[in-house]
Amino acid sequence: MTYDSLMIHYGELSTKGMNKKAFINTLYQNVKHALKSFGVGVSYTHDFILVKLDDASYEPVLARIQEIPGIQKISLVAKVEKDMNEIIKACLELVSKEEGKTFKVDVHRVDKAFPVRSYDATCQIADEILHNTDKTVDLHNYDIFLKVAIRLDYAYISCHEYPGLGGYPLGMNGKVMHLLSGGIDSPVAAYKLLRRGIALETIHFASPPYTSAAVIDKLTDILGELNVYQRNIKLNIIPFTKIQEAIYKYVPEPYCITVMRRMMMRLAVGLAKAHHCLAVSTGESVGQVASQTLQSLIVINEVTNYPVLRPLAAEDKVSIIDQSKKIGTYEISIRPYEDCCTIFKPKKPKTHPSLLEAIEYENRFDYSAMIEEALERVEILYVEEGEVHEAVQE
């Protein structure tokens with residue numbers, strides 16, 4: 001008897017009521033796509049998804065499943081017929097191979113028509129193990145936790161459980177337009193959104209010749225890491241040079257960042273609406289820099305009533321860095337190629353900007369025409385499973 005399947009448990013999806021079926025079907029499709037290269041069988045019920053391993057090694061399959069949003073936990077299971085003698089035999093064989101001296105048995109009888117009650121089945125299995133191995137029962141400090149789920153089709157036996165990513169299946173909560181700078185914060189914010197089942201389209205503001213073309217390579221490499229969670233991510237590159245030059249010509253230096261962020265928000269919202277995104281999202285963390293004080297955010301947000309998501313709002317920098325290392329974007333983000341925000345950073349930015357002053361300064365130039373022109377000249381790239389593709393003309 002060997003473990004032959006991985007059982008995927010839904011977690012938060014169990015709270016979805018009438019929408020549960022749609023959530024589960026989306027997760028099932030996501031799992032099927034993620035595992036297509038492994039040659040494994042995938043099926044599902046309203047309680048779990050089952051991945052039949054056949055000849056595949058479970059470790060790489062498990063590792064890929066753990067990267068899929070919407071999964072609470074994964075069990076390594078052996079599937080046996082619903083016969084008490086077969087179940088006892090399989091449990092003894094599996095536990096005998098496990099390291100450790102103490103064990104606990106838990107039987108869950110989903111199929112109430114099964115003739116042996118859960119408690120009686122637990123006792124029978126434990127007795128067999130006690131009489132045929134040197135292992136002892138310990139209900140509190142056990143080395144081996146043997147779980148038996150007697151379901152409508154088969155009995156599933158497991159001694160091993162692994163954590164999933166949690167959250168919701170990708171795409172169930174719509175799509176957002178995410179501002180991607182190339183720094184440490186915005187990729188982590190993107191990961192948090194993906195984990196909650198929100199699909200991403202990204203936007204970047206390029207200011208050549210002030211910014212290097214290598215920044216785009218940074219961005220596509222970052223998106224390549226995020227392809228683990230969303231296999232195809234669209235990158236919209238906005239030409240921002242004219243707008244930025246106008247800002248630094250007509251706006252006093254302390255207000256340049258504030259006005260620049262207002263322009264970026266206008267562009268992001270315009271593109272989000274055109275591309276059917278339900279919100280705009282950023283990597284801002286409250287108080288981290290001048291443009292991220294609450295007073296600054298109020299002034300920046302004033303340009304739109306569109307939803308703006310800030311997943312890192314209450315995160316500190318150390319935590320953000322730790323998360324960026326975990327998802328594999330940190331080493332890419334710290335490459336020495338600056339974006340337009342850092343290159344044009346003023347020496348003394350305004351941390352408590354006035355809305356009236358910001359409006360007065362930006363009205364000194366015709367930014368509306370510049371925004372319209374920038375949106376007409378967007379360059380589009382797609383990063384799919386680590387490969388970069390230029391967009392076919394839309």
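Predicted model: local features only at pLDDT ≥ 70, side-chain atom pairs only at ≥ 80, totals over all residues.
The largest cavity is lined by P239, F240, T241, K242, I243, M370, E373, A374 and R377. Two elements each give two or more residues to this lining, namely α7 (241-250) and α14 (367-376). By residue class, the lining of the largest cavity divides into five nonpolar, one polar and three charged residues. The volume of the largest cavity is about 50 Å³, and a search of the whole structure finds one cavity of 30 Å³ or more. Rolling a probe the size of a water molecule over the atoms shows where empty space is left.

Eight strands form an open sheet with mixed pairing, and their order is β2-β3-β1-β4-β8-β7-β5-β6. Its edge strands, each pairing on one side only, are β2 (41-44) and β6 (136-137). Helix α1 (residues 20-34) packs on the sheet, where it touches β1 (5-9), β2, β3 (48-52) and β4 (71-80). The direction of helix α1 makes about 175° with that of β2. Strands of a sheet pair through backbone hydrogen bonds, either parallel or antiparallel.

Strand β5 (residues 102-109) and strand β7 (residues 144-150) run parallel and are joined by seven bridges; within β7, the residue opposite K104 is F145. Strand β3, by contrast, takes part in antiparallel pairing. It pairs with β1 over five bridges in the antiparallel sense, and F48 of β3 is the bridge partner of H9. The pairing of β3 with β2 is antiparallel as well, over four bridges, with V42 standing opposite V51 of β3. A hairpin through three residues joins β2 to β3. Strand β3 is largely enclosed by the rest of the structure, because four of its five residues are buried.

S324 belongs to helix α10 (residues 317-327). Its relative accessible area is 0%, and because buried means under 20%, S324 counts as buried. Apart from neighbours within four places in sequence, the contacts of S324 are I184, V188, T329 and Y330.

Most residues other than glycine have a negative phi, and most peptide bonds are trans. The peptide bond from P208 to P209, however, is cis, with omega near 5°. P209 is found in the loop between β10 (199-206) and α6 (214-226).

For H276, which is not a glycine, phi is about 65°. This residue lies in the loop between α8 (256-274) and β12 (279-281), and H276 counts as exposed because its relative accessibility is 67%. For E385, also a residue other than glycine, phi is near 50°. The loop between β14 (379-384) and β15 (387-390) is the place of E385, and at 47% relative accessibility E385 counts as partly exposed.

Notes: Residues numbered from 1 in each chain as written. Heavy atoms only, no water. Pairing = 2+ DSSP bridges. Contact = heavy atoms within 4.5 Å. Axes fitted to C-alpha atoms, helices over the stretch in contact; angles between N-to-C directions. Buried < 20%, exposed > 50% of the residue type's maximum accessible area, 1.4 Å probe, protein only. 1 Å grid on protein atoms, 1.4 Å probe; cavity = no way out; pocket = protein on both sides within 12 Å on 5 of 7 lines; lining within 4 Å. Points joined across faces, edges and corners; volume = space filled by probe spheres on them. Nonpolar A, V, L, I, M, F, W, Y, C, P; charged D, E, K, R; others polar.
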